Amino acid sequence: MSGLTGALLRYKVMAFIVGVGLLILVFVGVPLQYGANVPQVAEIVGPIHGFLYIVYLLAAVDLARRARFTLLQMAAMVGAGFLPFLAFVIERRVERRVDEVLAEPEPSGDTAAP
Amino acid sequence: MRTRWLSRRALTLHLAVVLWVPGCLVAGWWQVTRALDGNGLSYLYSAEWPIFAVVGVFAWWSLVHTDPETVGARAQRRLMAAGAAGAAGTAGAAGAAGAAEQSERPEQPEQRAGEAPQPGQTEQPAGMAPTRQPAGSAGPVPSAGPVPSAEWGELPAGVGRPARRREEEDPALAAYNDRLAELARSDAPKSWRRR
C-alpha cells in the first residue's frame with residue numbers, strides 16, 4: 001500500500017475506528033457513568049479512544065500533505081474526533097475530495113515525454 | 001525558501017500551529033489539575049494532551065516541507081497514469097478502465113494467468129480508479145510492446161523493461177526520480193536558494 005490511495009485507506013480505517021470509539025464513549029460510557037454510576041466503560045474506552053485518536057491524527061496529517069488539503073479541511077478532520085458521527089461524514093467527504101484531486105488534469109508541460 | 005515559509009498556505013499553517021500548541025498545553029494543564037484533585041482518568045488525559053501538541057508541531061513541519069510535485073497528488077497521478085498505460089498496452093483502448101476489469105484480463109490471449117497484478121491498479125480502493133484518468137496523461141510511459149511477465153528472465157531484451165521497473169519501484173522513489181529528471185531537463189538554476 002503506498003501513495004495517496006494508501007494514505008486514504010489508512011485514514012478511512014482510522015476514521016472508522018475513532019468514529020465507533022467516540023460513539024461508544026458518548027452514547028454508552030458517559031450515560032452509564034453519570035446515569036447509572038457505572039464508570040468502567042468510560043474509564044476503559046476513554047483513554048483508548050484518546051490514543052487511537054493520535055494515530056488517527058497522524059493518518060490525517062499524512063493524507064492532508066499528500067492531497068494538499070486546505071486548513072479548513074484539516075480542521076474538519078481534527079473535529080471528527082470530538083463530535084459524534086462527524087467522523088463518518090468527514091470520511092465520505094475526504095474520499096470524494098481525494099477522488100477530485102486525483103482526477104484533476106495534469107498541468108501542461110508536466111506530461112512532457114522523457 | 002521564501003515560498004516555502006511565506007506562502008499563503010504556509011502562513012496559515014504557522015497561525016494554526018501557534019494556536020494549536022498552546023491550546024493543547026492549556027488543556028493538558030487543566031487535566032493535570034483535575035488529576036491532582038483525585039480524578040484517576042485525568043492522569044492519562046494529561047499525558048495525551050502534550051502528545052497532541054507534539055503531533056501538531058510534527059504536522060506543521062511536515063506540511064510546510066511537503067513538495068506537492070514529488071509526494072502529493074501529482075506524483076500519484078503519474079503513478080496511476082503509468083498503471084493505466086501498462087494495461088492499455090495489451091487490453092487495447094478499453095484497457096484504461098482499470099481495476100474493475102481486472103477479472104476479465106485472463107481472457108486476453110497474450111495475458112499469462114499467473115501474471116503479477118500491477119500495483120497501480122490493485123491498490124486502488126474500488127471506485128476511484130484510473131477510470132477518471134484522461135487518456136492523454138498516459139504519455140510518459142512507453143505503452144507499446146507486451147506487458148512483461150513477472151519473471152525478469154522471460155522478458156524480450158529491452159522491450160518493456162523500463163515500464164516494469166518503474167512499477168516495481170517504490171512509488172515515492174519513482175515520483176522523486178521523475179521530479180529529478182524533470183529538473184535535469186529544465187534549465188532551472190541548480191541552487192536550492194532560487195526555488
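A helix here is a DSSP run of H or I with at least four residues, numbered from the N terminus. I need that for my first stop: Thr66(B) sits in the loop between H3 and helix H4 (68-71) of chain B. I note that the model is predicted.

**Thr66(B)**

Thr66(B) has 18 other C-beta atoms within 10 Å. Buried needs 20 or more and exposed needs 12 or fewer, so Thr66(B) counts as partly exposed. I then looked at Arg4(B), 62 residues away from Thr66(B) along the chain. The C-alpha atoms of the two are 9.2 Å apart.

**Chain A overall**

I counted elements in chain A and got 4 helices and 0 strands. Read from the N terminus, the order is α-α-α-α. Chain A has 114 residues, of which 38% are buried. I took the contacts in chain A between residues at least 6 apart in sequence; 67% of them join residues at least 24 apart.

**H1(A)**

Does the length of H1(A) agree or disagree with its residue count? I worked it through. Helix H1 of chain A covers residues 3-35, which is 33 residues. At 1.5 Å a residue it should span 48 Å. The end C-alpha atoms are 46 Å apart, so the two agree. I also found a kink of about 35° in H1(A), centred on Leu25(A). Just after H1(A), I logged a positive phi of about 60° at Asn37(A).

**The largest nonpolar core**

I listed 41 residues in this core. Those touching the most other members include Tyr11(A), Tyr56(A), Leu63(A) and Met77(A). Which elements give two or more residues to the core? From chain A they are H1, helix H2 (40-67), helix H3 (71-79) and helix H4 (86-103). From chain B they are helix H3 (40-65) and helix H5 (73-91). H2(A) supplies the largest share, 11 residues. In soluble globular proteins, nonpolar side chains tend to be buried together.

Setting aside neighbours within four places in sequence, I found Leu63(A) in contact with Ala7(A), Leu8(A) and Tyr11(A).

**H3(A)**

Which residues of H3(A) are buried? I found Met74(A), Met77(A) and Val78(A). Viewed down the axis of H3(A), the buried residues fall within an arc of 100°, so they line one face of the helix. On the other side of H3(A), I found Leu72(A) and Gly79(A) exposed.

Methods: Residues numbered from 1 in each chain as written. Chains lettered and ligands numbered in written order. Predicted model: local features only at pLDDT ≥ 70, side-chain atom pairs only at ≥ 80, totals over all residues. Expected span 1.5 Å × (residues − 1). Bend = angle between axes of the 7 residues up to and from the residue. Core = buried A, V, L, I, M, F, W, Y, C linked by C-beta atoms within 7 Å. Contact = placed C-beta atoms within 7 Å. Arc of directions from axis to C-beta.
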